[in-house]
Structure formats: structure tokens, C-alpha cells
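Please examine the sequence and the three-dimensional structure shown below. The paragraphs that follow consider its aromatic rings and then one of its helices.

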Amino acid sequence: MKTLLILNDPPYGTERSFNGLRLAKALAGEKVEVSLFLMADAVACAKAGQKVPQGYYNLELMVKSVARTGEVLCCGTCMDARGLADDELVEGARRSTMKELAEQTVAADRVLVF
């Protein structure tokens, strides 16, 4: 079974992206094929070098975990609008397009939006 999760919210300030990533990790543990598409402010979830207060969740680490077993795609237009370059993404995440999101949506058995 293939599940596509689409995240829209910033990495910090709300918990929507955090919860979407928690679910992506849990699904991967259930042997579900997971694709993660980050768009709007959620592209910052895949920024390398995040520094958070001790004891606070780190979305960079969570994105890396999902990328180890699944696919992490970042909206290129959203990255450009936020000044996020390809070389600033965590290992395993890559620039993508709306065309690829459409293809992923058609191929998925489930699409979940956070």
C-alpha cells in the first residue's frame, strides 16, 4: 500500500507538520510505502542544520528518518519563494514539482494532508 502525505505548515509554531511526520514514521514502521511532499512553509522542515532548544523536537531528524525508508519531495516553487536552495536540504530530500505531486497523488492508495 502506498500513502502520500502532504505537509503545508511550518516546522515550528504549530504541530501539524510534527504530527504528519510522526504518522509518516509510524506508517513506515508498518511496512507501508510512504511518500512525503512538503509544500508552502513545510519545505523548511527539510532544511539541514536546524538548531532547536534541548528537549524540543527536531523536524530535520524526523525528515531524515522518513527519507531512509521513503521518499521526501519538496515543492521547488515553494523553496524558491522562501530562499531555500537545493544544497540546504537534508540528505534524502529533493526538489520536486506540481507535476510530480500530481503523479504521486494518482499513484497513491491514500493521500493525507496536514
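How many aromatic pairs does a search of the whole structure find? The search finds 4; rings of Phe, Tyr and Trp (its six-membered ring) pair if their centres lie within 6.5 Å, and planes under 30 degrees apart count as stacked, over 60 as edge-to-face and the rest as tilted. This is a predicted model, in which local features need pLDDT of at least 70 and side-chain atom pairs count only at pLDDT 80 or more, while totals for chains, interfaces and linings use all residues. Residues are numbered from 1 along each chain as its sequence is written, and side-chain values use heavy atoms, leaving out hydrogens and water.

The rings of Tyr12 and Tyr57 have centres 5.7 Å apart and planes at 25°, so this pair is stacked. Tyr12 lies in the loop between E1 and H1 and Tyr57 in the loop between E2 and H2, so the pair ties together parts 45 residues apart in sequence. Helices (H or I, at least four residues) and strands (E, at least two) are DSSP runs, numbered from the N terminus. Tyr57 is buried, at 17% relative accessible area, whereas Tyr12 is partly exposed at 25%; buried means under 20%, exposed over 50%, and partly exposed in between (1.4 Å probe, protein chains only). Tyr12, Phe18, Tyr56 and Tyr57 form one aromatic cluster.

Helix H4 spans residues 98-107, and its residues Glu100, Leu101 and Gln104 are buried. Seen down the axis of H4, the buried residues fall within an arc of 100°, so they line one face of the helix; the arc is that of the directions from the helix axis to the C-beta atoms. The face turned away from the buried side of H4 carries the exposed residues Lys99 and Val106.
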